[in-house]
Amino acid sequence: MRVGIPHMGNVYVAIKAMSNRFGGELIVPPVNNQRALSLGVRYSPEGLCIPFKLTLGNLIEAAEMGADVLLTIGGFGICRLGYYTKIQEQILHDLGYNVRMIQLNVSEKKLPGFLQVFKQLSNGASWPTIISAFRFGLTKLNAMDRIERVVQKVRAVEQIKGTANGLFARAIKAIDNADDYDSLKKIQIDYIEQLTQVPKDNQAQPLLVGITGEFYVVLEPFSNLDVESELGKLGVEVRRRTFISEWTKFSLFLNPLGIDETARIHKAAFPYLKRDVGGDGWESVGEKVLHAKEYDGLIHLAPFTCMPEIVAQNIMPSTKESIPVLTILCDEQLAKPGMLTRLEAFVDLLERKRRASNNKR
Ligand code: SF4
């Protein structure tokens, strides 16, 4: 069985680690690029959201590379995600690819469902092997996310722009190549140390901007034109709640430490939105309310035509917890010059706001 996967940020590193451990044959398509987007756009219904189009492009590329089974993400929520697998399967069959789709229903079936799917893909590996593979993949995710949190801070204040991104790219490669826990630990310590040594502007007091919105566009830099790096170049420190390792903790396990971050966010949104509207719309509103005092501003990333985020976008201006929000609609038409102009104007506004409030004090 040759198993192809779609991309979402660096998740492929963890899935590859798992697959290597149980001896699976994994086909990782090229990281997101213009070709994947063009393929996805060409064969998707026009009004569909960008996560559908980009992942379809990845699946087509994986099928071209010889995958006969494709792993997709599904859900039982009230947005289109629940239809992704069926529609993508139909499109792939119409294009002549003889592939079988396997859907990961993570939110519904939690960890047992997740492991069951990998057992199915493993050509008979034992349960201890599957569990140990999962643990190793998770450790890689944790290492990447810990390093990325430091990168977000360094980008804002580094003297030579791009240094932190360069180190991060090297760290991902090293983590991808690591075969055991000891090497992983060393890589994590080493890269965090290198990031702390990067020459910085010690006088800088960077603006703090939160990133919220739909899960896929928040985590896939190609779909948001690498908004976090662009903010870093403008001297802005980015904070985001959405990290795959965090999500795994709260979605796959049944609330291991009794801390329910999602419930806390829903509670914050409650005065303005009392129910799930699909996708991450409820969380987007809650994050604005929860972090209004902490952040200078918020960037809200929403796929074009995404109903849950349209609901959130319309509620955000009317919350009493006031903080500037810039919504960026992500689709194949989003272009860098337009996005940069909007980011620069937003950052300019936040700087003036901060100066005005400092003067008042
Ligand atoms: S949350 Fe929005 S973008 Fe994501 S799958 Fe649902 S409709 Fe599409």
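Domain bounds come from an automatic or database domain assignment. Domain 1 (2–125) and domain 3 (205–361) both give residues to the shell around the ligand, so the ligand lies between them. The model is predicted, and local features need pLDDT of at least 70, side-chain atom pairs count only at pLDDT 80 or more, and totals for chains, interfaces and linings use all residues. Residues are numbered from 1 along each chain as its sequence is written, and side-chain values use heavy atoms, with hydrogens and water left out.

The ligand is surrounded by C49, P51, C79, R80, L81, Y84, E214, G279, P303 and C306 (a residue is near a molecule if one of its heavy atoms lies within 4 Å of it). Seven shell residues are nonpolar, one is polar and two are charged. Here Ala, Val, Leu, Ile, Met, Phe, Trp, Tyr, Cys and Pro count as nonpolar, Asp, Glu, Lys and Arg as charged, and the others, Gly among them, as polar.

The protein chain has 15 helices and eight strands. These are DSSP runs numbered from the N terminus (helices: H or I, at least four residues; strands: E, at least two).

Four strands form an open, parallel sheet in the order β2-β1-β3-β4. Strands pair if DSSP finds at least two bridges between them. The edge strands, β2 (25–27) and β4 (100–104), each pair on one side only. Five bridges join β3 (residues 69–73) to β4. Within this pair, L71 stands opposite I102 in β4.
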